[in-house]
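Dear colleague,

I am handing over the structure below, and I would be glad if you looked through it before reading on. My notes on what was found follow it.

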Amino acid sequence: MEMSPEPVGETVPEPSVRPTSDETAVPLPVPLPAPMPGEPPVGLRVARVPVSGMYVALTFDDGPSPATTPQALEILRRNGAHGTFFVTGANASRHQALLARMAAEGHEIGVHSWTHAQLTRCSAAKVDHEIADTAEVICRATGQAPKLMRPPYGATNAALNKRMMADYGLRTILWDVDTLDWRHPGVQRVIDTAVGKARPGSIILVHDIHASTIAALEGIVQGLQARGFKLVTVSQLIALSRSGAEPPATSPAALPAAEPAAPEQLLPPAESSGAASIGAPPAVAAPTGVGEAELTGAAEGGAGIRGEQKAD
Ligand SMILES: [Zn+2]
């Protein structure tokens, strides 16, 4: 089945050295375990991570905002939860103290472009500005280079995913649970979606720039915790990944809707496709990391920039 290692030809160091899932699935590593050099435990594009334990990652896009992000940080802090903030360079450059605080409080910060541009429509030079300059702001504010990026609107493609890693060392992170909070569907609705749709390894999308999202946040965090989930950063989730043995994208059976081509926001993410990954056998450290093996991916709710939605 999806076990065939399917060497994808990138630099994948000796898989035999990889720890088995038993080692990776132990207690939550608070400081991130050292990444295995050059070896992505999962693919270049991730929408959900196959983990054995009850872990999810809550991700916040489009900030930081001095009006709402501090409240989000406070809620996370008092509930012992960690999140991942995909910031725009435009906002981050103006609120670097917020980035420093995020990092100091154990959250992860990723790149969300500078201007919230749809990267699939940008020239190479424009992409370079959107990504490199934002990464530099993060680096300057926190002393740490980001490892993750989230493309605005979820608009990406295989070439971009590859370039993000090759040129910037950034893994492309999508999501499998979309709260659609940017539509302000009501606090309880946002809570119910985030809590109800989460599965082990889920990456949940919210936006920390909306007051209504902040109003829902404690309910989301506590609801997830009541279900037994631990809220970790995306990199921690990836580190907890079961041996990295995701099914290769080339296996037709495992093929989900590969790219988030032009999924309308209305569509729920293709939940079913997750099964393939979640069922991946834990024991084998197959060097499949560099494929496009991931699961679902939906379009993102960017702040107010809805209309021009996608088409890769
Ligand atoms: Zn966005």
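Of the contacts in the chain with a separation of 6 or more, 84% join residues 24 or more positions apart, a contact meaning that two C-beta atoms, placed from the backbone, lie within 7 Å. Please keep in mind that this is a predicted model, in which local features need pLDDT of at least 70, side-chain atom pairs count only at pLDDT 80 or more, and totals for chains, interfaces and linings use all residues. Residues are numbered from 1 along each chain as its sequence is written.

The pLDDT, which is the predictor's confidence in each residue from 0 to 100, averages 76 over the chain, and 64% of the residues score at least 70. Over residues 1-40 the pLDDT is below 50, although this stretch has 62 contacts in the model beyond near neighbours in sequence. Residues 244-312 likewise stay under 50, with 176 contacts beyond four places in sequence.

Buried residues (20 or more other C-beta atoms within 10 Å of their own, these atoms being placed from the backbone) make up 54% of the 312 residues in the chain. Leaving aside neighbours within four places in sequence, Leu237 is in contact with Val49, Val51, Tyr55, Ala57, Gly201 and Val232.

With kind regards

Notes: A residue is buried if 20 or more other C-beta atoms lie within 10 Å of its own, exposed if 12 or fewer, and partly exposed in between; C-beta atoms are placed from the backbone.
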